[in-house]
Amino acid sequence: MTERLRTEFWVRAYLKRLEMNAIPGYVVARGQPDSGAVMVKCATLDGQASLWSRGFDWQSDSHRWTLQSQGAEPEVDASIRRQRGFDPDLWVIEVESRDGRTLLDEDGLND
């Protein structure tokens with residue numbers, strides 16, 4: 001059995017990486033510290049947002065971030081509320097980036 005990185009540790013590392021790149025990021029919903037799922041909302045500060053979730057890609061045998069929702073920020077927020085209704089252990093991180101930069105495509109963030 002492969003050991004997994006604690007979600008809480010991954011979240012702290014992600015927030016630190018955002019900080020090092022001068023991208024504001026906040027935990028808006030705290031989930032289960034050991035194994036909760038994570039969603040990342042990116043607000044572009046113009047009323048629009050995107051929502052990303054991490055899933056496992058069986059074809060490549062790796063984790064991959066997938067765009068779940070994109071559009072008006074209130075609609076993206078409603079999607080988050082629905083997901084939290086299904087999964088109260090879900091972590092939600094909000095990133096504020098005018099250009100939509102989340103860093104989720106960088107090495108080390110799919111572990």
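Me: Which residues does Thr7 touch, not counting residues up to four places away in sequence?

Reply: Thr7 touches Gln32, Pro33, Asp34, Ser35, Gly36, Val38 and Trp91, where contact means heavy atoms within 4.5 Å. Keep in mind that this is a predicted model, with local features needing pLDDT of at least 70 and side-chain atom pairs counting only at pLDDT 80 or more, while totals for chains, interfaces and linings use all residues. Residues are numbered from 1 along each chain as its sequence is written, and side-chain values use heavy atoms, leaving out hydrogens and water.

Me: Why is Thr7 called buried?

Reply: Buried means under 20% relative accessible area, exposed means over 50%, and partly exposed is in between (1.4 Å probe, protein chains only). Thr7 has 4% relative accessibility, so it counts as buried. Thr7 sits in helix 1 (residues 7–20); helices are DSSP runs of H or I with at least four residues, strands are E runs of at least two, and both are numbered from the N terminus.

Me: How do you know that the span of helix 2 agrees with what it should be?

Reply: The expected span is 1.5 Å times one less than the number of residues. Helix 2 (residues 73–86) has 14 residues and should span 20 Å; its end C-alpha atoms are 20 Å apart, so that agrees. Its buried residues are Val76, Ala78, Ser79 and Ile80, and what covers them includes strand 2, strand 3, strand 4 (62–72) and strand 5.

Me: What makes a set of residues a nonpolar core?

Reply: The set has to be buried Ala, Val, Leu, Ile, Met, Phe, Trp, Tyr and Cys residues joined through side-chain atoms within 4.5 Å. The largest one here has 14 residues, and Trp10, Tyr14, Val38, Val40, Ile93 and Val95 have the most contacts inside it. Helix 1, strand 2 and strand 5 each supply at least two residues of this core, with the largest share, four residues, coming from helix 1. Apart from it lies another core of eight residues, among them Met39, Val76, Ile80 and Val92.

Me: Why is the pair Arg30 and Glu8 called a salt bridge?

Reply: The rule asks for a side-chain nitrogen of Lys or Arg within 4 Å of a carboxyl oxygen of Asp or Glu. The closest N and O atoms of Arg30 and Glu8 are 4.0 Å apart, and the pair forms a salt bridge. Arg30 lies in the loop between strand 1 (25–29) and strand 2 and Glu8 in helix 1, so the pair ties together parts 22 residues apart in sequence. Arg6, Glu8, Arg30 and Asp34 are linked in a network of salt bridges.

Me: Which salt bridges does Lys41 form with Glu73 and Asp77, and at what N to O distances?

Reply: Glu73 and Lys41 meet at 2.7 Å, N to O. Glu73 lies in helix 2 and Lys41 in strand 2, so that pair ties together parts 32 residues apart in sequence. Asp77 and Lys41 meet at 2.6 Å, N to O. Lys41 has 3% relative accessibility, so it counts as buried, whereas Asp77 is partly exposed at 24%.
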